[in-house]
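Please look over the sequence and the structure shown below before reading on. The briefing that follows starts from a single residue and then widens to the chains around it.

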Amino acid sequence: MFFHITLERNMQLHPRHFGRNLKENLVTKLMKDVEGTCSGRHGFVVAITGIENVGKGLIRDGTGFVTFPVKYQCVVFRPFKGQILEAVVTMVNKMGFFAEAGPVQIFVSNHLIPDDMEFQSGDMPNYTTSDGSVKIQKDSEVRLKLIGTRVDATEIFCIGTIKDDFLGVINDPTTS
Amino acid sequence: MTIVSDSPVHSSSSDDFASFLDAELATSTSDSSADEEGDEEENLESKRVKRRKVEVLEILEDVQDSTARVETSKEEAICAHPGSFGGMCIICGQRVAEEAGVAIAYIHKGLRLDSPELVRLRNADMKNKLNQKKLHLILDLDHTLLNSTMLFHMTSEEDYLKSNADSLQDIQNGSLFMLEHMRMMTKLRPYVRQFLKEANEMFEMHIYTMGDKPYAREMAKLLDPGDQYFNDRIISRDDGTQKHQKGLDVVLAEESAVLILDDTENAWTKHRENLILMERYHFFASSCQQFGFRCKSLSLLKSDESDTDGALASVLRVLKRVHSMYFDEDPRDAPSNRDVREFLKSVRKEILQGCRIVFSRVFPTSFPPESHQLWKMAEQLGATCLVEVDSSVTHVVANDPNTEKSKWATNETKYLVHPQWIEATYYLWQRQVEDKYPVNQSKSQ
């Protein structure tokens, strides 16, 4: 799920950046440091939308660095247990399949794939129903439900299922 | 407001979106309810409760009816946690102990499976393979299918190779590659493309190398540019469970259906019976040096192993033989009783069947001859080894043509062969012509 929240961060700036472009430098550094990172509480920071406020800088004793508390608004992505999510399949094997939704890696074990779908190995390993009508292979889009999430420093891992109603393949890459 | 709270694995934790929202909203909506709406709300509540009860009963029935492999009940998930991904159980999503089970990291980082699940997967795979009439083949990379060398190890006489390297745009037709970004050159063994193509029809193939993951991936790209043979079955040294040892514990296949092609016996101490030992492929000078050979490498001799007559071609014949023996068994015979190791042994025993061999001054006198490598090789090949000569002996193996036994052999017109005859026969899986391995007066080395 995406959220638009305000976060605060203490940015340390080297004196070489002081001058007319202090604020720009601060913002650039903030973007470089924060965009694309993950935290346990907020999830994955997708993009910074704006700077709300830059506080007064505090000079650190002993070094010339200055610390600015910056309040900024950003869009974060945090998956939740119970959430329904669309993802793209990246790998299919006999244990299940791996899918990706942006920075989130989701694993759907074959225990949580409907029983009528069988694994077919070969050139393009896939899961197919007995009548061949539904196929899950690499680059298929699936709708799945998350049953467990874990947020790491850089990655988010999730466990998903497609065994419930209305879940499964949305888009077959071979037809579109 | 409740979102889907009737899933069998319901539990409220901070992960749960519903409780998160409830918590956030509870602080802001405490003053909005008025008395007139109280009754309606109560009705709604009771209706909602009734609905939830009905839904819950339905789920109970579903669970009891379905042949779900997951055992769950309404109250709590009695989940066996057969595996974990990123520290969470793959069935119920709960946190599990990090180190439980075997890490199958080569498929995806963070994936672990425990023993019952591995057994289940292997059984399912076995059934699948029997239907497809395929077995499993594990291939080593270095000195078995190819030979690599770092650029700074190359001698000046090998510089001509750098300009003769094949294009990386047309991998399918090349065999000598320069990999600048890895600072190495790689030469594929002759016949390897044909070998992989034919083996693919009989086997599901895996790569298992003692190199690191990036190296393994690069080599897989060279051997398999179309990504048809290996998919995600590329095991590198970081994926093994033990240092310096390769094992079948991370392979998702039944041990009785796996054949291994490797040049190093010591890497497979636990699975010697599945191993087909390959003659080492030394193309680059650094490779010969690494093993202490003072002979000239193939790159310096400007030649290469024979295409249709080399090690890979002979091994392919053996693999075809074992495969056909495995699948041509009487269909009434239970498939689970067939073991590829037994077939391998019997194929080997046919090679020198009927030969009776005596060794002359090949083993040190204090050494028990039965434990010598050559003796064991000869016995595996089906020959009978004897200590003393008698009239039934067919071969005498010696280094020196002037020993008593050697002279006896020449007099009785028995075969007098160099020990290399046994080794060549072992590696090429074919009885070698004895005349090609004469015992000459050796110059002192």
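Asp227(B) counts as partly exposed because its relative accessibility is 42%, where buried means under 20% relative accessible area, exposed means over 50% and partly exposed lies in between, with a 1.4 Å probe and protein chains only. The model is a predicted one, in which local features need pLDDT of at least 70 and side-chain atom pairs count only at pLDDT 80 or more, while totals for chains, interfaces and linings use all residues. Residues are numbered from 1 along each chain as its sequence is written, chains are lettered from A and ligands numbered from 1 in the order in which they are written, and side-chain values use heavy atoms, with hydrogens and water left out.

- Asp227(B) sits in the loop that runs between α6 and β10 of chain B, where helices (H or I, at least four residues) and strands (E, at least two) are DSSP runs numbered from the N terminus.
- The phi angle of Asp227(B) is near 55°, which is a positive value in a residue other than glycine.
- Asn231(B) is also found in the loop between α6 and β10 of chain B, and its phi is near 50°, again a positive value in a residue other than glycine.

- Helix α6 covers residues 213–223 of chain B, and its buried residues are Tyr215(B), Ala216(B), Glu218(B), Met219(B), Ala220(B), Leu222(B) and Leu223(B).
- As a general point, an α-helix has 3.6 residues a turn, so residues three or four places apart point the same way.
- The buried residues of α6(B) pack against several elements of chain B, among them β6 (146–150), β7 (176–179), α5 (192–202) and β10 (234–235).

**A buried serine in chain B**

- Ser286(B) has its place in helix α7 of chain B, which covers residues 285–290.
- With a relative accessible area of 14%, Ser286(B) is buried.
- When residues up to four places away in sequence are not counted, Ser286(B) touches Thr149(B) and His153(B), a contact being heavy atoms within 4.5 Å.

**Chain B as a whole**

- The secondary structure of chain B comes to 13 helices and 16 strands, and buried residues make up 44% of its 445 residues.
- Of the contacts in chain B between residues at least 6 apart in sequence, 63% join residues at least 24 apart.
- For residues 130–304 of chain B, UniProt lists "domain: FCP1 homology" in an unreviewed entry; UniProt positions are given here in the numbering of this model, feature names are shortened, and annotations may be inferred rather than shown by experiment.
- Over residues 130–304 of chain B the chain is 23% helix and 20% strand, with the end C-alpha atoms 38 Å apart.
- UniProt also lists "domain: BRCT" (unreviewed entry) at residues 347–439 of chain B, a span that is 30% helix and 16% strand and whose end C-alpha atoms lie 28 Å apart.

**Chain A as a whole**

- Chain A has one helix and 14 strands.
- The radius of gyration of chain A is 22 Å, well over the 16 Å that the globule rule gives for 176 residues, so chain A is more spread out than a compact globule; the radius is taken over C-alpha atoms, and the rule is 2.2 Å times the number of residues to the power 0.38.
- Along its principal axes, the C-alpha trace of chain A spans about 70 × 30 × 30 Å, and 42% of the 176 residues of chain A count as buried.
- For residues 79–156 of chain A, UniProt lists "domain: S1 motif" in an unreviewed entry, and over this span the chain is 0% helix and 56% strand, with the end C-alpha atoms 8 Å apart.

**Two residues of chain A**

- Lys94(A) is found in the loop between β6 (84–93) and β7 (96–101) of chain A, and it is buried, with a relative accessible area of 17%.
- Leaving aside neighbours within four places in sequence, Lys94(A) is in contact with residues of chain A including Asn110(A) and Tyr127(A), and with residues of chain B including Asp125(B) and Glu204(B).
- Val46(A) lies in strand β3 (residues 43–54) of chain A, and at 38% relative accessible area it is partly exposed.
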